[in-house]
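I opened the notebook to record what I looked up in this structure, entry by entry.

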Amino acid sequence: MKKTHILFIGSLFFITVVLSILVFTLHTKETQLIKQKNRQETTQNLPPEVLGEQGSLSRLPWNSGAKVAVWDIETFEKERGRKLDYYVLTLPLYSWDDVRNPDADNKISQFGQLPGKLHITMPILPTDSTSTIELCTQGNYDGAYHAFAKKLLQLGRGDATIAITSDSEVTQTNTPLCFQRIVAAMKTENPNMQVTWMIPTNLSDVATLAAAYPENNAVDAIGVTVFDNQASLKNAMHFAQCKNKPLAILWGKQENLTFIQAMSTFFTTNANHIAYELYEPASTNTIYFTLWKKDSFQQAKPLSVPVACPDEEQH
């Protein structure tokens, strides 16, 4: 009888533990959905004059964002006369703890219920001395990126776009494989997560881009940084079209009429090929604010890009 009694208590304890885990899991998922729903309802309940034809907060035919401190967002939006579709957050990733908990110091939760989406830029690996591309390709870091994606879901920011940079690692042969491994780990937790492959800043021509590019199915958009060299924008558009991917653009940092007009024209004429554009403010932004307040942008001929793609193995 005693043995039977012990087995019964053991079974009861096991069932209790399983049920507790199940309840906790369901509660966590419910919390994630509530946070996501609250943000979506915030956007849906905005008056028609706030939302554009594409349902964008910015009322533009493409998604538009800016790298502005969270406490300056409202002022910045008023100055440019348009809401932001994206808020830009840079995560330096000094250690694997930063990957597992991207919300340290409330980096993500500080955006609260703001209706726009987060655009998170981060390096392919933390900058500590222990991280290597080879260990990444072997799956040693998969757990950290699973935790990263889970945390975003818990915070109601599962719709964030993750832009991965690899400027320092671009010369390593297996960097594309590491990128693919990271994306696979994150999308296992959140298949709807959008990932942008950022073109390394030291690469420009299409041939070198092809060698550094990961598998096409690991990429949702191809990103480029344009602060002065507009030739890089032309090459990036060419490469993105070859890969049948939309282009994401980080730009700005200068109060120059010619540059800002050229960029606004590019966005207008290539809106259907643009995933989003993100403006990084200069010390003054008068020209940018003036142009972005306009109801329509200057129309121009589409950017001339070669139709033929390079003879390369298509990833």
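I began with Asn244, which sits in the loop between helix 8 (230-242) and strand 7 (247-252); helices (H or I, at least four residues) and strands (E, at least two) are DSSP runs, numbered from the N terminus. This is a predicted model, in which local features need pLDDT of at least 70 and side-chain atom pairs count only at pLDDT 80 or more, while totals for chains, interfaces and linings use all residues. Residues are numbered from 1 along each chain as its sequence is written, and side-chain values use heavy atoms, with hydrogens and water left out.

The phi of Asn244 is positive, near 60 degrees, in a residue other than glycine. I noted beside this that most residues other than glycine have a negative phi. Asn244 has a relative accessible area of 69% and is therefore exposed; I use buried for under 20% relative accessible area, exposed for over 50% and partly exposed for in between (1.4 Å probe, protein chains only).

I then turned to Arg59, in the loop between helix 1 and strand 1. Arg59 is not a glycine either, yet has a positive phi of about 65 degrees. Its relative accessibility is 30%, so Arg59 counts as partly exposed.

Ser58 is found in that loop between helix 1 (2-44) and strand 1 as well. Is Ser58 buried or exposed? At 0% relative accessibility, Ser58 counts as buried. Leaving aside neighbours within four places in sequence, I found Ser58 in contact (heavy atoms within 4.5 Å) with Ser64, Arg80, Arg82, Lys83 and Asp85.

Next I looked at helix 2 (residues 73-80), whose buried residues are Ile73, Phe76, Glu77 and Arg80. Seen down the axis of helix 2, these buried residues fall within an arc of 100 degrees, so they line one face of the helix; the arc is that of the directions from the helix axis to the C-beta atoms. On the other side of helix 2, Glu74 and Lys78 are exposed. Against what do the buried residues of helix 2 pack? I listed strand 1 (63-66), strand 2 (86-90), strand 8 (274-280) and helix 10 (286-292). After helix 2 comes Gly81, with a positive phi near 75 degrees.

For the strands, two count as paired if DSSP finds at least two bridges between them. Strand 1 pairs with strand 8 in the parallel sense over 4 bridges, and Ala66 stands opposite Tyr279 in strand 8. Strand 1 and strand 2 also run parallel, joined by 2 bridges, with Gly65 opposite Tyr86 in strand 2. The chain crosses from strand 1 through helix 2 to strand 2 in a right-handed β-α-β crossover, that is, with the strands pointing away from the viewer, the path from the first strand over the helix to the second runs clockwise.

Within strand 2 I picked out Leu89, which at 9% relative accessibility counts as buried. Leu89 touches Lys107, Ile108, Gln110, Phe111, His119, Ile120 and Thr121, not counting residues up to four places away in sequence.

I searched the whole structure for disulfides (pairs of cysteine sulfur atoms within 2.5 Å) and found 1. Cys136 and Cys178 form the disulfide, with their sulfur atoms 2.1 Å apart, and with 95 degrees about the S-S bond the link is right-handed. Cys136 lies in helix 4 (residues 133-137) and Cys178 in helix 6, so the pair ties together parts that are 42 residues apart in sequence. Cys136 and Cys178 are buried.

My last entry concerns the nonpolar cores, meaning sets of buried Ala, Val, Leu, Ile, Met, Phe, Trp, Tyr and Cys residues joined through side-chain atoms within 4.5 Å. In the largest, of 75 residues, those that touch the most other members are Tyr145, Ile162, Met186, Trp197, Leu247, Ile249 and Trp251. Helix 6 (residues 175-189) gives the most to this core, with 6 residues. Apart from this core lies another, of 7 residues, among them Tyr86, Val88, Ala275 and Leu278. Beyond four places in sequence, the residues that Trp251 touches include Phe259, Met263, Phe267, Tyr279 and Trp292.
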